[in-house]
Amino acid sequence: MVTWRTWRGAMGGAALAVSAAVAACLPGSGPPINPVVDDAGAPPPTSLVSDGGLQDELLLGPPFAVSGLQPSHGPWTGGTRTTIAGRGFSSHLQVSLGGTQLSSSNVFASDPTTAAILTPPGTPGPVDVVVENLDTAQTATLPAGFVYDAFAVTPDTGATTGGTRIALKGNGTKWTAASTIAVGGNPCTAVSFTDATDLACTTPPNGPGSQSVLVTNADGTTDEADDAFVYSDSPDGYRGGLYGGALAGTLTVLGFDEWTGVPLQGAVAVAGSNLATAVTGTLGASGAAQLTGPSLSGTVTVTLVGHCHQPMTYVDVPVDTATFYLPPALDPACQGDPSSTGNYTPQDYGQVQGELVWPGGIEFERAPWSSVPDPGPGERQAAYVFDAYGSPLGVVGLPAASSATTPATGGQLGYEFTLDTVPGNQTLYALAGLEEDSDAGQIVRFEPFVMGIVRGVAVKPSGVTVGIDIPMTSLLDRALTMAPHPPPYAPRGPNELQTTVAIDLGAGSYALLPQGTRTDFLPISGTISIAGVPALDQTLATAQYDLTASAVTGQITGGSAYPTSVVANIETTDANDPVAIGGFLGIPVLLQPSTTTWSGTHVQIQATGPVDLAVVDVSSGNGLVTWQIVAPGSDLSFDLPDISQVQGVESLRHGVIATNFAVARINGFQYGGLRSGQLASSAWSAYAADVASGSY
């Protein structure tokens, strides 16, 4: 791929040669130069007029101009990272799309011919692109330079095995219940119509890469968005779950292997809490079964069991479609089954190449790391680039020290970096600071002082995305103060409070900080602070601080963390006043399974406070078989079918069992639209969890 930057460098020699030739032809430019004969035996031209091609190359037009955008289209909801090509740019540009002026934090000119922008929301169709040089007041307009697509696709990335539930949000569209959807030319399944601007469907399988999404209406009209969905070999949190219309006599059950996406042909779907009266069906070659019966109305408990796969249950399903992704059972007897050969490993990472650019110095030249202190003995200045995380919780894992960007790293306008990452529309962030390593070359301390982010980086599977510059403009010079109100100390726990600050970058992406967590013993009173968080300015102008407080058991002393109660996703932009953190859920109590022998047919949890969801994992055989049971918060006492009576499928092993159970609150939650990603604690706004042992 040829970028404007490499084109400019490659043409530098040619431009000098042309300049010299022109200078020789100008009056009073010095003694005549002997003409050089070309391969055809003719001397070179002696004036611009005598060679139209040379004239065209030199007369490039006005000194300030916009020549194009790449990509030149994106969803009407905005958020597309596109590069403006032109000439005469300064580092102080103002850009408007369709009359909407972009904030300065979403415009970054990396050289006189290139500026990267993040598009704002707009009206579907072509819009003019206007660029103004604020240093000279020059203005250039590219008519219809960018086209807003009529709809946006969420999520815009999913597995090559298909099964990702995507939502299409249109603007001015006229969709109907008869509209169909295709991704990459293949039809979507389970199309759901909400209104003229809202559709949903389940993606078909496809090879890795970006694909167009096409909506075809009953009257033959179409709406299309190119490169709107990226297939990759990474599993996502949108594949399984509940969706569809109200349950009214017909239920579709879909089942796939969680690691490979292979349909679970032969798996048995059980609709009902009593096997004797339940409606059952066997999944076919496509991994689907359609169940019918008068009992399938209102709500029904749905269980899927299969050979060499872990069982799973959704309690009180209120909709007409349930999709299961079952993990393989870790049973030696299942060795040799295609879906039991090992865990999933992504195969199609993409690579991002770019530079970390510091402000200051001469325009469009490398500036020093002025925002990072000079290193002391045993220290060095270093920077690392990260994918934004999908959760505000976690630990920042530093790459190998050999992969660091340092002041000695090459670059034209900044300091080069390379990052391997999963495909899709990614947000990246960089941290630069001082690090200290041991004699073995392992990093023992990394203290960041400045950060930068870039949004909307289009990463293609097995491809290379170049020219991604990250402005290092946000200083980590603030302290965030919190006033937590954790649950009371109890002898069994929790007895510690772990507090974390992350940066919410938008679109479900977070920047985690190495210094963003502290731990205190309970009980605790008053306020606590975490220093070294960034000011919400420059490229972070639209970001928020995201706070999480976890009341855990024995983390400092090496305990198991259970019981635990967590409050997450507290958002603020105020780094001046203390932020109150409350709303902890009480620790739930598991009544069934109990310490006595469990029948395998009833679960009962005692919980306090408003609860949206309960997730129970009953593990047997030292982890060989685990039954995951998912229930709405409105029903914490329910019956289950006796799956041990289903022939040829995995069920719990008799003997000791261990039960992990949690109750959770989720912002904006609807059980009928549950996605598999919401079964992980990273999606919960508050939860309380514990463990128990028993027998089966």
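A residue is called buried when its relative accessible area is under 20%, exposed when it is over 50%, and partly exposed in between (1.4 Å probe, protein chains only). This is a predicted model, in which local features need pLDDT of at least 70, side-chain atom pairs count only at pLDDT 80 or more, and totals for chains, interfaces and linings use all residues. Residues are numbered from 1 along each chain as its sequence is written, and side-chain values use heavy atoms, with hydrogens and water left out.

**Exercise 1. Find the disulfide and describe the surroundings of its two cysteines.**

Step 1: Look for a pair of cysteine sulfur atoms within 2.5 Å, which is what defines a disulfide. The structure holds one: Cys188 and Cys201, with sulfur atoms 2.2 Å apart.

Step 2: Cys188 sits in the loop between β14 (186-187) and β15 (189-195), while Cys201 belongs to strand β16 (residues 198-202), 13 residues apart. Strands here are DSSP runs (E, at least two residues), as are helices (H or I, at least four), numbered from the N terminus.

Step 3: Check accessibility. Cys201 counts as buried because its relative accessibility is 0%. Cys188 is buried too, since its relative accessible area is 9%.

**Exercise 2. Which parts of the chain call for caution, with pLDDT below 50 or under 50?**

Step 1: Start with the overall score. pLDDT is the predictor's confidence in each residue, from 0 to 100. The chain averages 86, and 88% of the residues score at least 70.

Step 2: Residues 1-58 have a pLDDT below 50, with 38 contacts beyond near neighbours in sequence; a contact means heavy atoms within 4.5 Å. Residues 338-344 also stay under 50, and the model gives them 14 contacts beyond four places in sequence.

Step 3: Draw the lesson. Where pLDDT is low, the predicted coordinates should not be read in detail.

**Exercise 3. Is Thr499 buried or exposed, and what does it touch?**

Step 1: Locate Thr499 in strand β35 (residues 496-506).

Step 2: Apply the accessibility cut-off. Thr499 is at 1%, so it counts as buried.

Step 3: List its partners. Leaving aside residues up to four places away in sequence, Thr499 touches Met482, Gly516, Thr517, Arg518, Ile528, Ile530, Thr548 and Ala549.

Step 4: Contrast this with Ala507, in the loop between β35 and β36 (509-521). Ala507 counts as exposed because its relative accessibility is 88%. Its phi is positive, about 55 degrees, although Ala507 is not a glycine.

**Exercise 4. How is the chain built as a whole?**

Step 1: Count the elements: two helices and 47 strands.

Step 2: Consider burial. Of the chain's 696 residues, 48% count as buried.

Step 3: Consider contacts. Among those between residues at least 6 apart in sequence, 68% join residues at least 24 apart.
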